[in-house]
Amino acid sequence: PLFAFLESLGPLVQKAFCCHESASTHRQLLSADAMTGAGRFWKVVGGQDQGGIVVREAKDLSSQLLHSRLSHGAVVEELLKAGHRLKYRKCSGDGPDTGWVSLIVSKKELLVPCDGRSSEDIW
């Protein structure tokens with residue numbers, strides 16, 4: 001229950017909260033993927049011919065599709081990362097405000113890291 005609550009508050013609040021906890025408690029509250037990538041920004045480079053990329057409600061690939069796709073060129077903030085799956089919060093562009101997307105499909109990158117200041121600034 002505590003992890004779900006912290007997750008809902010976002011990565012900056014998670015980090016602030018965890019800074020006041022012991023290292024042991026910190027490891028229990030957040031997974032390694034959540035700690036290493038939270039706050040990173042990504043740009044959608046896939047889905048140009050399909051009207052964007054597929055967004056799902058949960059991490060599982062069989063979870064429900066959301067009502068629209070995340071647009072090509074959108075910039076998102078990483079909330080959680082599990083393998084090639086990313087839970088995001090949208091910063092710019094069209095599509096669902098939050099959801100799960102695949103970073104790679106059929107050896108093709110759908111999102112690439114960017115600095116988050118501009119959709120043109122890709123690392």
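The model is predicted, so local features need pLDDT of at least 70 and side-chain atom pairs count only at pLDDT 80 or more, while totals for chains, interfaces and linings use all residues. Residues are numbered from 1 along each chain as its sequence is written, and side-chain values use heavy atoms, with hydrogens and water left out. The protein chain has four helices and seven strands, and two salt bridges are counted.

**Fold and surface**

- Along the sequence, the elements of the protein chain run α-α-α-α-β-β-β-β-β-β-β. Helices (H or I, at least four residues) and strands (E, at least two) are DSSP runs, numbered from the N terminus.
- Of the 123 residues in the protein chain, 37% are buried. Buried stands for under 20% relative accessible area, exposed for over 50%, and partly exposed for what lies in between (1.4 Å probe, protein chains only).
- The protein chain has an accessible surface of about 7200 Å², and carbon and sulfur atoms hold 54% of that surface. Areas come from the Shrake-Rupley method with a 1.4 Å probe; for residues, only the protein chains shown count as cover.
- Among contacts in the protein chain with a separation of 6 or more, 52% join residues 24 or more positions apart. A contact means heavy atoms within 4.5 Å.

**Confidence**

- The average pLDDT of the protein chain is 78, and 63% of the residues score at least 70. pLDDT is the predictor's confidence in each residue, from 0 to 100.
- Residues 13-36 have pLDDT below 50, and this stretch has 21 contacts in the model beyond near neighbours in sequence.

**Salt bridges**

- A salt bridge is a side-chain nitrogen of Lys or Arg within 4 Å of a carboxyl oxygen of Asp or Glu.
- R89 is partly exposed at 32% relative accessibility, whereas E77 is buried at 13%.
- K90 pairs with D97, and their closest N and O atoms are 3.4 Å apart. K90 is partly exposed at 21% relative accessibility, and D97 is exposed at 54%.

**R56**

- R56 sits in the loop between strand 1 (41-44) and strand 2.
- R56 is buried and has no salt bridge; D60, the nearest side chain of opposite charge, is 7.2 Å away. For charge, Lys and Arg count as positive and Asp and Glu as negative, with His and the chain ends not counted.
- The R56 side chain reaches two backbone oxygens: that of L61 at 3.0 Å and that of S63 at 2.6 Å.
- Apart from neighbours within four places in sequence, the contacts of R56 include L65, L66, R85, G99 and W100.

**S92**

- S92 belongs to strand 3 and is partly exposed, with a relative accessible area of 32%.
- The C-alpha atoms of S92 and G73 are separated by 8.4 Å, and the two residues are 19 residues apart along the chain.
- With neighbours within four places in sequence set aside, S92 is in contact with A74 and V75.

Conventions:
A polar contact is a pair of N or O atoms within 3.5 Å; within protein, one must be able to donate a hydrogen and the other to accept it, and residues adjacent in sequence count only if both atoms are side-chain atoms.
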